[in-house]
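Let's take a friendly walk through this model, one region at a time. Have the viewer open and follow along.

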Amino acid sequence: MKRRGPLRRIRAATSDDLALILDSWKRSFRDSRDDGKRNDLIAWVPDHIYWPEMQARMTRLIRDAKAMCAVNDSDDGQVFGWCVFVPPNVAHYVYVKEPFRRCGLATELLAEAFGGGALSGGGAIYATHWTRHADWLKLPLRYRPSLLEQ
C-alpha cells in the first residue's frame with residue numbers, strides 16, 4: 001500500500017535550490033554504496049577524490065540539464081524531493097527526502113519532467129546514476145552511465 005504523501009506541487013528548480021540539490025545528490029549517492037549491487041565500487045573511492053570529482057560532475061550535469069522540485073503546496077521553500085534530467089528521456093538523478101519516500105514523489109517528478117512522454121509511450125528512461133531506490137520504482141528505467149560522457 002502506498003503511503004499518503006504531503007500536499008505538494010511540482011515546480012522548476014530555482015537557483016535557490018541548487019545548493020540543496022548538489023549536497024543531497026553527493027551525499028545520497030555516496031551513501032548508496034551499501035546496496036550490494038552497482039555502487040560497491042564507490043566505497044573504494046577515497047573521500048578526498050570522491051567529493052571534489054562528484055561536485056565537478058554534478059555541476060557540469062546540472063548546467064546542461066533541467067531540474068524539478070516537489071515542494072510543500074503552502075511553502076515553496078520546503079523541498080520534498082527533486083530530479084535532474086535531460087529531455088526527452090535521460091534522468092541523471094532523482095532524490096526524495098527520507099520522510100517523504102514511498103509516496104509516489106519520484107514517479108511524479110519523472111512524469112512532470114518528461115511530460116508523460118517516456119512514461120506513457122512505452123519508451124525507456126535512461127538513468128546515468130543508479131541506487132537501490134531505483135529498483136523500487138515501477139518505471140521503465142534502464143541504467144546507462146555512458147550517457148554521462150555525452
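## The largest pocket

Strand 4 (90-96) and helix 3 (105-113) each give at least two residues to the lining of the largest pocket. Helices (H or I, at least four residues) and strands (E, at least two) are DSSP runs, numbered from the N terminus. Strand 4 supplies the largest share of that lining, with six residues. In total 28 residues line the largest pocket, and Ala106, Thr107, His133, Trp136 and Leu137 lie nearest its centre. Sorted by class, the lining holds 17 nonpolar, seven polar and four charged residues. Here Ala, Val, Leu, Ile, Met, Phe, Trp, Tyr, Cys and Pro count as nonpolar, Asp, Glu, Lys and Arg as charged, and the others, Gly among them, as polar.

The space in the largest pocket comes to about 650 Å³. A pocket is an open set of points on a 1 Å grid over the protein atoms alone, where a 1.4 Å probe fits, with protein on both sides within 12 Å along at least five of seven lines; lining residues have an atom within 4 Å of a point. Grid points are joined across faces, edges and corners, and the volume is the space filled by probe spheres set on the points.

## How to read the model

This is a predicted model, in which local features need pLDDT of at least 70 and side-chain atom pairs count only at pLDDT 80 or more, while totals for chains, interfaces and linings use all residues. Residues are numbered from 1 along each chain as its sequence is written, and side-chain values use heavy atoms, with hydrogens and water left out.

## The chain as a whole

The chain has four helices and six strands, arranged along the sequence as β-α-α-β-β-β-α-α-β-β. Of its 150 residues, 43% count as buried (under 20% relative accessible area, with exposed over 50% and partly exposed in between; 1.4 Å probe, protein chains only).

The chain exposes about 8400 Å², and carbon and sulfur atoms supply 52% of that area (Shrake-Rupley method with a 1.4 Å probe; for residues, only the protein chains shown count as cover). Among contacts (heavy atoms within 4.5 Å) with a separation of 6 or more, 58% are between residues 24 or more positions apart.

## Around His129

His129 sits in the loop between strand 5 (125-127) and strand 6 (141-143). It counts as buried because its relative accessible area is 6%. Leaving aside residues up to four places away in sequence, His129 touches Trp25, Phe29, Met54, Arg57, Leu61, His92, Tyr93, Tyr143 and Leu148.

Arg8 belongs to strand 1 (residues 8-12). Its side chain makes a polar contact of 2.3 Å with the side chain of Glu108, and a polar atom of the Arg8 side chain lies 3.2 Å from the backbone oxygen of Cys103.

Ser24 is in helix 1 (residues 18-31) and counts as buried, because its relative accessible area is 9%. Its side chain makes a polar contact of 2.9 Å with the side chain of Trp82. Beyond residues up to four places away in sequence, Ser24 touches Trp82 and Tyr95.

Notes. Polar contact = N/O pair within 3.5 Å; in protein donor to acceptor, adjacent residues only side chain to side chain.
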